Amino acid sequence: MYFIGKEKFEVIKKSKKLSQIEKAEIISSFCRLNTLTTIKNAGSGHIGSSMSAMDLFVWVNHFLIKEKKKQIKLGLKRDYFFSSKGHDVPGFYNVLYSLGIIQRSKIFKLRRLNGLDGHPDVRIPGIEANTGSLGMGISKAKGIAFAKKLLKLEGLVIVLTGDGEFQEGQIYETLQTTSSQKINNIIVIIDHNKIQSSRFVKDIININPLKKKIENFGWHVERCNGNSFKDIKNTFSKIIKIKSKPKLIIADTIKGKGISSIEHPLVMKKNKIYNWHSGAPSNQEYEFMSNVLIHDIKRLLKKRQVNINLLKSIFQKKRINQNSIDIH
Amino acid sequence: MKKNLSITSAFTQELIECAKKNKKLVVLDADLADDLNLYSFKDKYPKRFIQNGIAEQDMVSMAGGLALMGFLPVVNSFASFLSARANEQIYNNATELTKIIYINLYSGLIPAGAGKSHQSIRDVSLISSIPNFKIYQPLNYHDTSLILKHCVFKEKKNCCIRLNIGPALKLIQNLSGIKFEDGKGNEISKGKEIIIFTSGQYLINEALLTKKMFNKENINISIVNLSTLNYFNKHWFKKILNQKKYIFCIEDNFKDSGFSNLLLSFLIKNDLVNNKKYFSISLDNFPECGTINEVLNYHKLSSNKLYKFIKSKINGKNN
């Protein structure tokens, strides 16, 4: 199996010739490969959502939040980020690995005892809140943001949600209370990949008109392509200046982004059902998917003229773990 | 603190005192502040009072966020709304191993005029099923203050404080020597073979009236008020049960999931039942609506009904 070691991320991060966006693209492609491998190794995990949210994870945690690993020492002053949907955590764990916050010894213990829980748990470094039961994250972030106000502390409070998650009633409680209570130091990002579990959100319960609805609750709303770093960067620079309202970004993403065979537009056209919400690929599928990602990594590195010896040092073999169950 | 204070007034007076010493104490309310006089807290500490509106799930998760930031949230709503509607949020907060105090206002059957949407007969069950939680129920102004102080300053676990609403009952406010020790009860009256365990002002009141009826027959009944409902001190219970033959646990919770089953399970596990007979008197259906006396009588929790039930059991009859 293929896994990219932390030292390779360092090389990219420290590069003087790459722009932030170029670095983000490469880091994201590395994290996608590592996520695929850790899910394969675990035998289950939410691959589609990990991939759709990956670029958002990478931008926020590598570039928007400065020196995330060092910030942990700041205590409550630190910038806060967590995912409310939580099932995308295999992707997030791998971003935490790339930041040096989760160790290599742990990353291959996804969904294992004394390893990394299948949904986020605060006992894991870099995890700010226990989530995964949908709908609670914005309310929790509101508590964190309110506490920061009381303590007169700076720092970002960012929470990522799913789009299907916007069917939860608690979300609408919190959209209303957050603006009414004037808790404006909060940014919500919706990973709007249009698929919940295995079907289109609109075919389960339509959540639109999303932007208008949220604006009417008193929020400042922006929309962007959540798989374009240029767009993500511009949207954050815009939204971070807004102080008069709580803020929300609808990030249009593709479920399974980066692995052509599991990207939702193609899968839905072919199957009508998105079968990569959770679960792990077979050996054959893993070979195919990892080759797609490796091809993409090579293309990116070549385009940016980055010299890393792929064959000898980027990839390593790992034993495949069996016996796990696919849970949505 | 004044003797004629209701439990809710005593609670809020003490809460303001606690907030003086613990600067991290914040209050969250789901628009039931008037019922607990919490606006007096807001007057004193406006920044530490969060009015969250009728949005219990959001309120509980917000409390979770505050607790992650080192605050001590005190979360208020009616027991039936807080512990039931927001139960998953309460559970989720508990998994983060933070500490939060939940106020289960209007817990139990009484007052019964509001009917079954408001009476709370299952909050003990809903909260006791969550690890790392202690459930308390004060009896009067005095132990309300002691229990709250314990929860704020001593207890490490999450706390749920069940509060009876309504004015203080005369028989109860005049009781002297009410103490609070975690996991132990208060023996309000001493007896020989028969012991009643119950909790809260309304049922203690009925138990005291029941005791008077037995007194006429020269039978002394021991009455114990339980203020900790899901955690019991083994040595204290061993001592109090010494020489007892009949144990009656009276509660206004649903029969299968209240504290009488928690107590029975504790007694069995600790080999404290021995040859004693254990009876629980609790609700076997949804709570009825009516006046206090009507409903206590209907649910067989009035002193008359308790007297008959206890009498039948000690005489060896089955009904």
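Analyst: H2(A) and H13(A) are roughly antiparallel to each other, because angles over 145 degrees count as roughly antiparallel and the axes of helix H2 (residues 20-42) and helix H13 (residues 283-303) of chain A cross at roughly 165°, coming within 9 Å. Here axes are lines fitted to C-alpha atoms over the stretch in contact, with angles running from 0 to 180 degrees between N-to-C directions, and helices are DSSP runs (H or I, at least four residues), numbered from the N terminus. The crossing is left-handed, that is, the near helix is turned anticlockwise from the far one by less than a right angle. The contact (C-beta atoms, placed from the backbone, within 7 Å) involves residues including Phe30(A) and Leu33(A) of H2(A) and Leu293(A) and Ile297(A) of H13(A).

This is a predicted model, in which local features need pLDDT of at least 70 and side-chain atom pairs count only at 80 or more, while totals for chains, interfaces and linings use all residues. Residues are numbered from 1 along each chain as its sequence is written, and chains are lettered from A and ligands numbered from 1 in the order in which they are written.

Elsewhere in chain A, 17 of the 18 residues of H3(A) are buried, meaning that 20 or more other C-beta atoms lie within 10 Å of a residue's own.

Turning to the partner chain, 19 residues of chain A are in contact with 22 residues of chain B, and H7(A) gives the most to that side of chain A, with 9 residues.

Methods: A residue is buried if 20 or more other C-beta atoms lie within 10 Å of its own, exposed if 12 or fewer, and partly exposed in between; C-beta atoms are placed from the backbone. Helices (H or I, at least four residues) and strands (E, at least two) are DSSP runs, numbered from the N terminus. Angles under 35 degrees count as roughly parallel, over 145 as roughly antiparallel, 65 to 115 as roughly perpendicular and the rest as oblique. Two residues are in contact if their C-beta atoms, placed from the backbone, lie within 7 Å.
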